[in-house]
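Hello,

Here is the structure I promised to pass on to you. Have a look at it first, and then read on for what turned up in it.

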Amino acid sequence: MSTMETVTIAPAGTWRLDPVHSSVGFEVDYLGGTFKGQFRDVEAELDTEDGVRLEGTAKVASVDVKEENLAAHLQSPEFFDAERHPELRFRADEVALDGDSIDVHGEITIKGVTKPLELTGTITPPMNDPYGNERIGVELTTAVDRTDFDLKWNMPLPTGEPALANEVRIVAGLFFVKAG
Amino acid sequence: MKVLGISGSLRSRSYNTGLLQTVAGLFPADVDVEIWPRLKEIPPYDEEDDTDEAPEVVADFREAIAGADAVLFATPEYNASVPGQLKNAIDWASRPLATNPLRNKPVAVVGASTGAFGAVWSQAELRKVLATTGARVVDAEVAVGHAPTRFDEEGRLVDENLLEQLQEVVEALVAAVAERCDELAAAAV
C-alpha cells in the first residue's frame with residue numbers, strides 16, 4: 001500500500017457500474033486537433049467492503065469512432081490488436097480522497113502490457129436516485145504514452161513530424177450503483 | 001498448414017515467382033504451399049463493382065487468402081514502390097476492412113529486383129499496406145538484388161547466403177502461424 005491515507009469513500013459494499021450512462025474514452029492530438037473515441041462495452045466494480053478496490057475492463061472490439069474503417073484499423077495489430085488482446089484492464093486498490101477529489105493508484109493493461117497508472121478526478125457523495133438506488137459518480141482522467149503499450153503506428157506530416165501524438169488522455173465518467 | 005504464395009510480377013519467367021517457388025521448397029514437408037496463379041486477371045478496383053457478388057476472380061482471391069494459414073508475398077519494385085497490379089489485388093482483398101481475409105493473417109514479404117537493392121523500398125511499402133489491412137506482418141526481409149545473377153536457367157535461386165535468409169523467413173512465418181493457432185485454441189477453451 002502507498003503512504004497515502006486510504007479512506008472509506010462510500011458506505012461499505014459493492015458498487016456496480018451503470019454501463020448505460022458511464023463512458024470510458026480517449027483523446028489524442030492528431031493533425032492539428034484532438035481526436036476522441038470511446039469504448040462502448042465497459043464493466044467496472046468498486047468494492048468498499050474491505051479497503052477500496054476499483055476494477056474495470058473495456059472490450060477492444062467495442063471501440064467507437066465515427067468511421068467503420070477507422071474502428072477496424074484501431075482493432076488491428078497496428079493498434080490494440082483485438083484478436084490477441086481483446087480487453088483493456090484496470091485494477092486499483094489504493095484510493096485517496098480529499099474532499100471531492102479522488103486519487104487512484106493502480107495498474108492498466110493495454111495490448112498485454114501492464115504499467116502502473118495514477119488517475120485523478122472527482123467523486124460525488126452518495127445520492128439516492130428516483131428508482132430506489134444509491135449512487136455515486138466518479139470522474140477520472142490520466143494520460144499514457146501509447147508507445148509504452150506497443151501502439152506505435154504513425155504517419156509523417158510534410159514537415160517530417162509525426163501526425164499522431166504519443167500521449168493519449170484517458171477520460172472516464174463512471175456511474176456506480178450500490179449492489180442490493 | 002497451408003501457405004499462399006503471391007508474386008507481384010506477372011511475366012512468365014519472373015524472378016519473384018522463381019523466388020516463391022524456391023521458398024516453397026524450404027517449408028517443412030507437411031506444409032502445403034500454393035502459388036496463386038491469377039493475379040493478372042484481377043480487374044481494376046472500383047467500389048461500384050465491389051458488391052455482394054464480387055467478380056469471380058476476386059472471390060477466388062479472397063477465398064484463397066481466407067483458406068491459407070499464412071501468405072507469402074514476393075514483390076519486384078516499380079518506380080520505388082509496389083507494382084500496381086499487386087496493390088490493386090490487395091485493395092480488392094482488403095474490403096471491407098473489418099472482415100477482410102488478410103486481417104490477423106500472418107504474412108511475410110520478400111523481393112527480387114534486377115537492380116542492386118532487391119526491391120527493399122517496394123517491400124517496405126508492401127509491409128505498410130499489409131499492416132494497414134490488419135495482417136500480422138512478420139518482421140523479416142530478404143532482398144534479392146541483381147536477380148539475373150542469383151537464379152539458374154530453371155529459375156531456381158542458387159545463392160547460398162540468400163537461401164539461408166529465406167529459411168529464416170520460412171521459420172518465422174511458421175512460428176507466427178503456430179503462435180496464432182495456439183492463441184486461438186486457448187481463447188476457444
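In which sense do β3(A) and strand β6 of chain A pair, and over how many bridges? Please keep in mind that this is a predicted model. The two strands pair in the antiparallel sense, over two bridges, with β6 covering residues 63-64. Across this pairing, A:Gln38 stands opposite A:Asp64 of β6(A).

β3(A), residues 33-39, is also joined to strand β2(A), residues 23-30, by seven bridges, and these two strands run antiparallel. One pair to look for is A:Phe26 and its bridge partner A:Gly37 in β3(A). Together β2(A) and β3(A) make a hairpin with two residues between them, and A:Leu31 in the turn has a positive phi of about 50°.

Now for the cores. The largest nonpolar core has 48 residues, and those with the most contacts inside it include B:Leu19, B:Ala70 and B:Leu72. At least two residues of this core come from each of several elements of chain B, including β1 (2-7), β3 (70-75), β4 (106-112) and α5 (160-188). α5(B) gives the most, with six residues.

Leaving aside its neighbours within four places in sequence, B:Leu72 is in contact with B:Val3, B:Gly5, B:Leu20, B:Val23, B:Ala108 and B:Leu173.

Enjoy exploring!

Best wishes

Note on methods. Residues are numbered from 1 along each chain as its sequence is written. Chains are lettered from A and ligands numbered from 1 in the order in which they are written. This is a predicted model: local features need pLDDT of at least 70, side-chain atom pairs count only at pLDDT 80 or more; totals for chains, interfaces and linings use all residues. A nonpolar core is a set of buried Ala, Val, Leu, Ile, Met, Phe, Trp, Tyr and Cys residues joined through C-beta atoms within 7 Å. A residue is buried if 20 or more other C-beta atoms lie within 10 Å of its own, exposed if 12 or fewer, and partly exposed in between; C-beta atoms are placed from the backbone. Helices (H or I, at least four residues) and strands (E, at least two) are DSSP runs, numbered from the N terminus. Two residues are in contact if their C-beta atoms, placed from the backbone, lie within 7 Å. Two strands pair if DSSP finds at least two bridges between them.
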